[in-house]
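Subject: Structure for you to look at

Hello,

Here is the structure I said I would pass on. Please open it first, then read the notes below it.

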Amino acid sequence: MLGDVLDKGPRAGTWPAAVDAGLTAVAAPKELGGEGLGFDALAVMLRELGRRAHDLPVWETLGCGLMTTLQAGSPEVQQSIVPRIVSGELQIAPALSEVGAAMPETPATVLADDAVTGTKIHVPVLHSALLLVSVADGSAVFIDPDGP
């Protein structure tokens, strides 16, 4: 599985190769299109990919996005987000760090009236990504950077 992504052919080391090898499905529940192997299998996979394919957005999309969605997302949010991650259609870019605080306990970013106000730094630029933004009330919201 990892060898197919990392070592073979012109697509080796690409996001489509990771999707084709089933890596995006490893931790997702079966009822949402995944393999249902959970966090332990994802941790092993992330470790190995981090050694040899650190430029793939697996930590951002699977470690931060998928696992956060599975742990804290409503069933409706999970149904909307998880299958799109598994299919490779969607990547997640975590927007957590703020000026002066890599992981602020209480973010200065605020969600009010369906608008997010604040500044995030060190946000990865990913293709077809939603931003996962931490906000002051202790929650996180998904934002489409191409949306309103």
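The protein carries 8 positive and 18 negative side chains, counting Lys and Arg as positive and Asp and Glu as negative, with His and the chain ends not counted. The centres of the two sets are 12 Å apart, where each charge is placed at NZ of Lys, CZ of Arg, CG of Asp or CD of Glu.

This is a predicted model, in which local features need pLDDT of at least 70 and side-chain atom pairs count only at pLDDT 80 or more, while totals for chains, interfaces and linings use all residues. Residues are numbered from 1 along each chain as its sequence is written, and side-chain values use heavy atoms, with hydrogens and water left out.

Overall fold

There are five helices and five strands, in the order α-α-α-α-α-β-β-β-β-β along the sequence. These are DSSP runs numbered from the N terminus: helices are H or I with at least four residues, strands are E with at least two. The radius of gyration is 16 Å, close to the 15 Å that the globule rule gives for 148 residues, so the protein is as compact as a globular protein of that length. That radius is taken over C-alpha atoms, and the rule is 2.2 Å times the number of residues to the power 0.38.

The core

Of the 148 residues, 41% are buried (under 20% relative accessible area; exposed is over 50%, partly exposed in between; 1.4 Å probe, protein chains only). The largest nonpolar core has 29 residues, and those touching the most other members are Leu-42, Met-45, Val-58, Leu-62, Leu-66, Val-82 and Ile-85. Such a core is a set of buried Ala, Val, Leu, Ile, Met, Phe, Trp, Tyr and Cys residues joined through side-chain atoms within 4.5 Å. Its largest share, five residues, comes from α4.

Which elements cover the buried residues of α4? They include α2, α3, α5, β1 (91-95), β4 and β5 (140-143). Eleven of the 15 residues of α4 are buried, among them Val-58, Leu-62 and Leu-66. Leaving aside residues up to four places away in sequence, Val-58 touches Trp-15, Leu-46, Leu-49 and Gly-63, a contact being heavy atoms within 4.5 Å.

An exposed residue

Gly-118 sits in the loop between β3 (115-117) and β4. Gly-118 is exposed, with a relative accessible area of 54%. Gly-118 and Val-58 are 60 residues apart in sequence and 26 Å apart in space, C-alpha to C-alpha.

Regards
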